[in-house]
Structure formats: C-alpha cells, structure tokens
Amino acid sequence: MIMNQNVLIRIRSSSRQIIKTALDNMVLLNFMIDKKLIEPYMVDKYIEEAEKNGKIEATALLIEYRANQTGDSEFNLGDL
C-alpha cells in the first residue's frame, strides 16, 4: 500500500494537536514513529504527556525514538 504523501504531511503538521490521540492509539503512535512524523522538537512534549498519563509503553517507545533521532545510543532509566 502506497501512502499518499499529502496524508503524511497532514499528520506531521498536526502532530501537536494529536498528541493525546496518538498516545491512546499505539498503532498510530508506532506509525508516526516509523514514518518519522513527530518532529524532533515535539518528542519531549510527547514523552511528557505519556508520562503524565501513565502510558509506560508509549513513554519507552518515544524515549527510544528520541535516542535514535539524536544518535544517543544510551538508554537512561532516569528518563522514565
């Protein structure tokens, strides 16, 4: 299945508005991470919201995504 480029652009530009939806839907969050639709400057906001709402799996996934984006290969349990 070929993803329409306009859909990807729309999701990326809406990433700030859909934080809660993405955190409540791991399929959507995984898709956004896989396609790198969360801008690097938004990752910390996603992590903050995930932690605040007790979304452990989402928090871990986002910390790993942030590490991959920044090249930081160390996983720090203090980040949880």
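Helices here are DSSP runs of H or I with at least four residues, numbered from the N terminus. With that in hand, let's work through this predicted model in a few exercises.

**Exercise 1. Find the residue just after helix 4 that has a positive phi, and give the angle.**

Solution. Then look just past its end: Gly54 takes a positive phi of about 70°.

**Exercise 2. Describe the overall fold: how many helices and strands are there, and in what pattern?**

Solution. Begin with the count, which comes to 5 helices and 0 strands. Reading along the sequence then gives α-α-α-α-α. Next, consider burial: of the 80 residues in the chain, 30% count as buried. Finally, turn to the contacts with a separation of 6 or more; residues 24 or more positions apart make up 51% of them.

**Exercise 3. Decide whether Ser15 is buried or exposed, and list its contacts beyond four places in sequence.**

Solution. First place the residue: Ser15 sits in the loop between helix 1 and helix 2. Its relative accessible area is 3%, and buried means under 20%, so Ser15 is buried. Then list the partners beyond four places in sequence, namely Met32, Leu37, Met42 and Tyr46.

**Exercise 4. Characterise the packing of helix 3 with helix 5.**

Solution. Take the geometry to begin with: the angle is about 0° and the axes are 11 Å apart. Angles under 35 degrees count as roughly parallel, so helix 3 and helix 5 are roughly parallel to each other. Next come the residues: Met26, Leu29, Asn30 and Ile33 in helix 3 meet Glu57, Ala58, Leu61, Leu62 and Tyr65 in helix 5. Sorting the residues of this contact gives 7 nonpolar, 1 polar and 1 charged.

Now zoom in on Ile33, which lies in helix 3. Ile33 is buried because its relative accessibility is 13%. Not counting residues up to four places away in sequence, Ile33 touches Ile38, Leu61, Leu62 and Tyr65.

**Exercise 5. Show how the buried residues of helix 4 are arranged around its axis.**

Solution. List the buried residues: Met42, Val43, Tyr46, Ile47, Glu49 and Ala50. They cover an arc of only 165° around the axis, so they lie on the same side of helix 4. On the other side, Tyr41 and Lys52 are exposed. To finish, ask what the buried residues pack against: helix 2, helix 3 and helix 5.

**Exercise 6. Classify Gln69 by its accessibility and name its contacts beyond four places in sequence.**

Solution. Gln69 is found in helix 5. Gln69 is partly exposed, with a relative accessible area of 33%. Its contacts beyond four places in sequence are Lys36 and Pro40.

Key
Residues numbered from 1 in each chain as written. Predicted model: local features only at pLDDT ≥ 70, side-chain atom pairs only at ≥ 80, totals over all residues. Heavy atoms only, no water. Helix = DSSP H or I, 4+ residues; strand = E, 2+ residues; numbered from the N terminus. Buried < 20%, exposed > 50% of the residue type's maximum accessible area, 1.4 Å probe, protein only. Contact = heavy atoms within 4.5 Å. Axes fitted to C-alpha atoms, helices over the stretch in contact; angles between N-to-C directions. Parallel < 35°, antiparallel > 145°, perpendicular 65-115°, else oblique. Nonpolar A, V, L, I, M, F, W, Y, C, P; charged D, E, K, R; others polar. Arc of directions from axis to C-beta.
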